[in-house]
Amino acid sequence: MPVFPDAWLNELKNKTDIVSLVSEYIPLKQKGKRFWGCCPFHTEKTPSFSVSPDNQMFYCFGCHAGGSMVQFVMQIERLQYGEAISFLAKRANMELPSEIDSDKLREARAKKERLYSVCKDAALFYHRYLMSSNGYKAREYLKQRGIGDRVCKRFGLGYAPAGFENTISYLKKKGHSEQHIYEAGLAVKRKDGSLYDAYRDRIIFPIISTMSKVLGFGARTLNEDEKPKYINTGDTPIYQKRENIYALNLIKGKQIKDIILVEGYIDVISLHAHGVENAVASLGTALTDRQARLLKRFAELMYICYDGDDAGQNATARAIDILTRENIEVKVIVIPGGLDPDDYVKEHGAEAFLALKDSALTFTTFRLDYLSKKFDLSNIDDREKYAKQACRIIAALDPVERTRYMEYLSKKTGIAINVIREQCGAGESVHLENNAVVIRNNSEKQADYESDARGNVEATLLACIAGSREVARRVSKDKRYVDSTIFTIGGNRTIASQIIASYNVGRPPDVAIILSNTEQAVDSSVIRAMQEQMDEAEAMTTAENCMLKLQTMGLLEKKQRLLEKLKDADDETKPKLLIKISEVIRAIDELRKA
């Protein structure tokens, strides 16, 4: 993450003014010291979105989005931290500070800009060729696939002419060197070092970033017998397939509830052509963690709609694992008859496709069905084997979901529901005799609750530190702060350290600047707490109470971790864990008495 000088960020803040910035996206009306409007991040009729010109921060009391100018741009424009800073700098007519650059970084940036330029000129060349008389054959092919001129223009589709030097010759006339043409993936090098066009007599699909830069290309043959059917730009200094999503640039700036993830370029284009405009493709079926994190910036509900063949189903199972690791809700659209999205929407229309979406499987149902294909369910032994493996999936769910899927599994296998419940361990608690230790199945929900509670307490402590030099001094010398036990959520400790550092050099902290130099999403409770005003005596008392609560929460978290270990502990380890648990419980009791 680039770190920008405070002085430069302060100048950027002064030239930006968050009220002016937000007003470019939503109308604001002043009430008292704040400006109010309807939140751009969720649907509402009564304004709950506030902007404070005093501290240059925003906060929504409805969806709890909040932060500085940087967090606002990151959310509204769906940008990463460095991209948001660049966006604001360009808006303010400011150059990025040279202090963050080394000669190597400056050279790399210049090279990337040259490659972006090569790819942009190539995309224009391919598109103009497609729309010219020379592209008649390619346009007819696309029309047969239901893709007309309007859609070609929307996606910037092109056609690479036959021949080995058409693209290279054009780009050289535009002033690009052979080296840059090669590095952009637009040319292939022969053994003698000479170059020839990478794409010939193929439909071209430009891959465009959310910053509207052409990164690379996909290319499809017009001849169904030619192999490979598709060729794609390999990794280059400006393009890595594992980090990009096709057509995500067309979603940027829209407020969408979900995204439909498909396999290929044509699937995306066909769905968009029929009005389903939240479809994107993963540039190959092997979805990556980085692509999942990119998708999460735009929506937190994904519908996977890969092909129904074995490869597509295997890819769906892998994608579910990757997306759920990023806490993205996942559903699976199942297309009947083994059709792909392109074929189905052309044959049945958008309304029928959206009906399939409405009846999409939960990812747990898909996993259970996908697992069942490995067994012959007409055979009693296979049904039992399947049920045992399926119960492992179900046992990991929360109680409400578990009940639903135990009934589903019972019907699918014909095994009695009470047997399925016992196999899944549903509703059971583990009681250890002579010890006040009970392990329950709601540990995940309890962890979520405790995380929210901790977040609120950490946020209140941050507000106390920001509002009082004396509180900041005392907290910075407290053993609990030094030992890193009281700030554990997100970037809270970094924020606290920067606030304390500001006081240490004799100046009040500028919270908006501190948040502007924070890449991580700022917890909404921090923004909310910063809106409150406390006198020094109140801040001191509140800070001490917060540290005591956080110390107690730390011990409760430690106890929970020990209880989790106890579930799988052997007979030799259990007594040692029980002793540790007892010690933690005594420490908690002593703190509560304090």
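Student: At its relative accessibility, does Cys60 count as buried or exposed?
Tutor: This is a predicted model, in which local features need pLDDT of at least 70 and side-chain atom pairs count only at pLDDT 80 or more, whereas totals for chains, interfaces and linings use all residues. Residues are numbered from 1 along each chain as its sequence is written, and side-chain values use heavy atoms, with hydrogens and water left out. The classes are buried (under 20% relative accessible area), exposed (over 50%) and partly exposed (in between), with a 1.4 Å probe and protein chains only. At 0% relative accessibility, Cys60 is buried.

Student: How many disulfides does a search of the whole structure find?
Tutor: A disulfide requires a pair of cysteine sulfur atoms within 2.5 Å. The cysteine sulfur closest to that of Cys60 belongs to Cys39, at 3.7 Å, which is too far for a bond. For the whole structure, the number of disulfides found is 0.

Student: What percentage of the residues in the protein is buried?
Tutor: The protein contains 26 helices and 18 strands; these are DSSP runs numbered from the N terminus, H or I of at least four residues for helices and E of at least two for strands. Of its 594 residues, the buried percentage is 47%.

Student: How many residues of helix H10 are buried?
Tutor: Helix H10 covers residues 265–273 and is mostly covered. Its buried residues include Tyr265, Asp267 and His272. Out of 9 residues in H10, the number buried is 8.

Student: Which side chain makes a polar contact with the side chain of Arg145?
Tutor: Arg145 belongs to the loop between helix H6 (136–144) and helix H7 (149–155). A polar contact is a pair of N or O atoms within 3.5 Å; within protein, one must be able to donate a hydrogen and the other to accept it, and residues adjacent in sequence count only if both atoms are side-chain atoms. At 3.0 Å, the partner of Arg145 is Tyr141.

Student: How far apart in space are Asn134 and Tyr159, C-alpha to C-alpha?
Tutor: Asn134 sits in the loop between helix H5 (103–131) and H6, and its relative accessible area of 47% makes it partly exposed. Leaving aside residues up to four places away in sequence, Asn134 touches Tyr129 and Tyr159, a contact being heavy atoms within 4.5 Å. Asn134 and Tyr159 are 25 residues apart in sequence, and their C-alpha separation in space is 9.2 Å.

Student: Which peptide bond is cis, with omega near -5°?
Tutor: Most residues other than glycine have a negative phi, and most peptide bonds are trans. Pro228 is in the loop between strand S10 (214–221) and strand S11 (230–232). The cis bond runs from Lys227 to Pro228.

Student: What is the phi of Asn327?
Tutor: Asn327 lies in the loop between helix H12 (310–325) and strand S15 (329–332), and at 61% relative accessibility it counts as exposed. Its phi is positive, although Asn327 is a residue other than glycine, with a value near 60°.
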